[in-house]
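Please look over the sequence and the model below before reading on. The text then takes a few places in turn.

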Amino acid sequence: MRDAGGYRAPQAKSAAPPHGRPWAAGAAAAEEQSYEFGSAKYLLLCGLGGMLSCGLTHTAIVPLDLVKCRMQVDPGKYKGIVSGFGVTVRDDGLRGLARGWAPTLLGYSLQGLCKFGLYEVFKIRYAELLGPERAYEWRTSLYLAASASAEFFADVALAPMEAVKVRMQTQPGFARTLRAAAPRMYGEEGLWAFYKGVTPLWMRQIPYTMMKFACFERTVEALYEYVVPKPQHQCTKAEQLAVTFVAGCVAGVFCAVVSHPADSIVSVLNKEKGSTTFGVLHRLGFAGVWKGLFARIIMIGTLTALQWFIYDSVKVYFKLPRPPVAQAPPSGKKQE
């Protein structure tokens with residue numbers, strides 16, 4: 001078995017808790033170990049958790065995302081969050097706030113499957129390459145590398161539906177539904193229409209995901225060490241999920257800031273036919289790429305916290321192994 005730091009801990013040979021997993025005590029050990037850590041079923045269920053966490057949360061905040069995108073591409077008309085909602089309702093009615101929900105649900109579900117599922121895969125594999133001691137000592141770098149690798153593939157899965165969503169939300173009169181928008185985009189620009197935004201998507205999502213996972217993992221570590229008044233293994237599942245939510249909020253704020261400039265570029269790029277990444281960046285300028293940051297902080301902060309909460313809840317529901325906070329491996333401690 002491996003702990004949260006990714007290294008392999010010795011297998012338990014009895015009902016006693018596995019070394020390095022103080023939370024797996026007594027009868028709880030049998031309950032938690034429904035699937036072997038790192039097994040194919042474990043990784044598939046992690047992917048399912050990612051699908052639910054990303055697909056549901058992004059779909060739930062479509063109205064805020066729509067206003068944010070419109071603030072980025074038309075700041076003269078959409079001057080702020082509140083006024084942006086007002087203009088949208090005036091022009092399109094209440095139903096207009098839900099525009100783009102279908103490509104959002106499909107695209108971000110696929111992204112979540114790859115993001116969370118492959119993160120677990122890469123974290124395990126990279127830890128095996130490093131060995132127990134280095135995996136613990138370099139755990140922040142391990143989280144960064146594993147999350148970046150996972151997000152690379154996740155964005156390839158997301159790009160087509162992200163392009164459709166942005167075009168629907170920001171180009172007036174283009175299309176109101178996924179089944180109308182996707183064929184039109186393909187007819188006008190071919191397959192390139194769905195993947196021309198993948199590079200800026202990598203620019204936005206890879207730093208975002210690196211911050212999302214590394215900051216979350218280390219924040220959980222810090223909360224249990226300095227804030228929570230009792231050891232992790234003494235906390236109830238509800239208390240552990242509360243720590244998960246708080247750590248997700250903290251990580252979300254940092255995620256929003258580091259990824260916002262690229263998010264602005266993606267919004268404009270997918271709105272305008274024939275535009276290029278560097279052309280959009282030159283036209284927006286330094287100030288322009290930060291338009292809508294406050295809305296994004298609210299959106300991403302809440303989003304990230306809910307995603308981690310849902311993901312961890314799926315692990316609880318399926319009784320997946322939930323490793324404790326990273327601890328130094330036995331080989332790194334003084335032997336008795």
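The model is predicted.

Start with the surface. Phe245, Val246, Val250, Val253, Phe254, Val257, Val258, Leu306 and Phe309 together make a nonpolar patch of about 650 Å². Which helices each supply at least two residues of this patch? They are helix 11, which spans residues 237-271, and helix 13, which spans 293-317. Helix 11 gives the largest share, with 7 residues.

Phe245 is one of the patch residues, and it is found in helix 11. Its relative accessible area is 33%. A residue counts as buried under 20% and as exposed over 50%, so Phe245, with its 33%, is partly exposed. Membership of a patch calls for over 30% relative accessible area, and the value for Phe245 is 33%.

Next, turn to helix 2 (residues 40-60) and helix 5 (residues 101-130). Their axes come within 6 Å and cross at roughly 145°. The crossing of helix 2 and helix 5 is right-handed. Sorted by class, the contact of these two helices has 13 nonpolar residues, 11 polar ones and 2 charged ones.

Is Lys319 buried, exposed or partly exposed? Its relative accessibility is 38%, so Lys319 counts as partly exposed. In sequence, Lys319 and Tyr35 are 284 residues apart. In space, the distance between Lys319 and Tyr35 is 7.6 Å, taken from C-alpha to C-alpha.

Conventions
Residues numbered from 1 in each chain as written. Predicted model: local features only at pLDDT ≥ 70, side-chain atom pairs only at ≥ 80, totals over all residues. Heavy atoms only, no water. Patch = residues over 30% accessible without salt bridge, like charges linked within 9 Å, V, L, I, M, F, W, Y side chains within 5 Å. Areas by Shrake-Rupley, 256 points an atom, 1.4 Å probe, with all protein chains shown as cover. Salt bridge = Lys/Arg side-chain N within 4 Å of Asp/Glu carboxyl O. Helix = DSSP H or I, 4+ residues; strand = E, 2+ residues; numbered from the N terminus. Buried < 20%, exposed > 50% of the residue type's maximum accessible area, 1.4 Å probe, protein only. Axes fitted to C-alpha atoms, helices over the stretch in contact; angles between N-to-C directions. Left-handed = near helix turned anticlockwise from the far one by under 90°. Nonpolar A, V, L, I, M, F, W, Y, C, P; charged D, E, K, R; others polar.
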